[in-house]
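Please keep the sequence and the model at hand while reading.

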Amino acid sequence: MTMTEPQHDRTRDRATPSLLDQIGGTAGFVYSTIPVIVFVTANAFLSLPLTIGIAVATGLALFGYRLLQRERFSSAVGSLLGVALAAGIVAWTGSARDFFVIGIWASLAGFVVTAGSLLARRPITGVIWNAVHGGTHPWRSTPAVLRAHDLATGAAALVLGARFGIQQWLYVAEATGGLGIARVAMGTPLTVLAALVVVWAFRRSTKALVR
């Protein structure tokens, strides 16, 4: 009996998609930056309507390619909808910088949630971990686990706050090219770093509280 339990746990771990897998893997982050690069580049040389069309066409092409690669439909279509919505806002306002407005305000919303949860002494990563594991674990009364989630939620808040602050400044300055550079530079690299801290906190919590 003792010999089979670790094997069962390893099998279960392999069968459960990781956090990175569920959001499209490393390639998913790369795919999300391609329409941004295409939009900024096209906007520097072409009219705004043509730039919008090229960005949407790029999103559609990536959507089809990802489906052919048998990626999760939710990941592929999420990226396409993001591009289509951003392009729709640009078409409505007539301003190229509005291609980034959704991401800017999403970063602000994320910062408010993460920072607010820290101030309330209920770090959001801990709340999520506990909910995933049945909602019955005393994670807030376990100092090591609470500290881990303070760090994880703090890392997320720092990333989201930095994104909003820098990109909002560039938005006000109407620096569309700078917004594209900031979106790429502050996207995948910082997301991966914050995700690593969150994964560490999740594993530390599981090791300490789940029998």
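**Overall make-up**

The model is predicted. Its chain holds 10 helices and zero strands, so the order of elements from the N terminus reads α-α-α-α-α-α-α-α-α-α. Of the 211 residues in the chain, 35% are buried. Among contacts between residues at least 6 apart in sequence, 66% link residues at least 24 apart.

**Helices H4 and H5**

Helix H4 covers residues 48-68 and helix H5 covers residues 73-93; their axes come within 9 Å and cross at roughly 175 degrees. An angle over 145 degrees counts as roughly antiparallel, and H4 is therefore roughly antiparallel to H5.

On the H4 side, the residues that meet H5 are Leu48, Ile52, Ala55, Val56, Gly59, Leu60, Phe63, Arg66 and Leu67. On the H5 side, the residues that meet H4 are Phe73, Ser75, Ala76, Val77, Ser79, Leu80, Val83, Ala87, Val90 and Ala91. By type, the residues of this contact are 15 nonpolar, three polar and one charged.

H5 has 21 residues, and at 1.5 Å a residue these should span 30 Å; the C-alpha atoms at its ends are 30 Å apart, which agrees. The buried residues of H5 are Ser75, Ala76, Val77, Leu80, Val83, Ala86, Ala87 and Val90. After H5 comes glycine 94, with a positive phi near 75 degrees.

Valine 56 lies in helix H4. Because its relative accessibility is 26%, valine 56 counts as partly exposed. Setting aside neighbours within four places in sequence, valine 56 is in contact with Val83 and Ala87.

**Nonpolar cores**

In soluble globular proteins, nonpolar side chains tend to be buried together. Which residues have the most contacts inside the largest nonpolar core? That core has 19 residues, and those with the most contacts inside it are Phe39, Val90, Phe99, Phe100, Ile104, Tyr171 and Leu179. Two or more residues of this core come from each of helix H3 (25-45), H4, H5, helix H6 (101-119), helix H8 (143-172) and helix H9 (176-185). A second, separate core has five residues, among them Trp129, Trp139, Val145 and Leu209.

Valine 90 is one of the residues with the most contacts inside the largest core, and it is also among the buried residues of H5. Not counting residues up to four places away in sequence, valine 90 touches Phe39, Leu48, Ile52, Ser95, Ala96, Asp98 and Phe99. Leu48 and Ile52 also belong to the H4 residues that meet H5.

Is arginine 163 buried or exposed? Arginine 163 lies in helix H8, and because its relative accessibility is 15%, it counts as buried. Apart from neighbours within four places in sequence, arginine 163 is in contact with Ser107, Gln168, Met186, Gly187 and Thr191. Arginine 163 and methionine 186 are 23 residues apart along the chain, and their C-alpha atoms are separated by 6.6 Å.

Threonine 176 is found in helix H9. It counts as buried, because its relative accessibility is 13%. Beyond neighbours within four places in sequence, threonine 176 is in contact with Phe39, Val40, Asn43, Ala96, Arg97 and Phe100. Phe39 and Phe100 are also among the residues with the most contacts inside the largest core.

Most residues other than glycine have a negative phi. Two residues are set out here.

| Residue | Phi | Loop | Relative accessibility |
|---|---|---|---|
| Arginine 121 | about 60 degrees | between H6 and helix H7 (124-132) | 37% |
| Glutamate 174 | about 55 degrees | between H8 and H9 | 56% |

Arginine 121 has a positive phi although it is not a glycine, and it is partly exposed. Glutamate 174 likewise has a positive phi without being a glycine; because its relative accessibility is 56%, glutamate 174 counts as exposed.

Technical notes. Residues are numbered from 1 along each chain as its sequence is written. This is a predicted model: local features need pLDDT of at least 70, side-chain atom pairs count only at pLDDT 80 or more; totals for chains, interfaces and linings use all residues. Side-chain values use heavy atoms; hydrogens and water are left out. Axes are lines fitted to C-alpha atoms, for helices over the stretch in contact, and angles run from 0 to 180 degrees between N-to-C directions. Helices (H or I, at least four residues) and strands (E, at least two) are DSSP runs, numbered from the N terminus. Angles under 35 degrees count as roughly parallel, over 145 as roughly antiparallel, 65 to 115 as roughly perpendicular and the rest as oblique. Contact means heavy atoms within 4.5 Å. Ala, Val, Leu, Ile, Met, Phe, Trp, Tyr, Cys and Pro count as nonpolar, Asp, Glu, Lys and Arg as charged, and the others, Gly among them, as polar. The expected span of a helix is 1.5 Å times one less than its number of residues. Buried means under 20% relative accessible area, exposed over 50%, partly exposed in between (1.4 Å probe, protein chains only). A nonpolar core is a set of buried Ala, Val, Leu, Ile, Met, Phe, Trp, Tyr and Cys residues joined through side-chain atoms within 4.5 Å.
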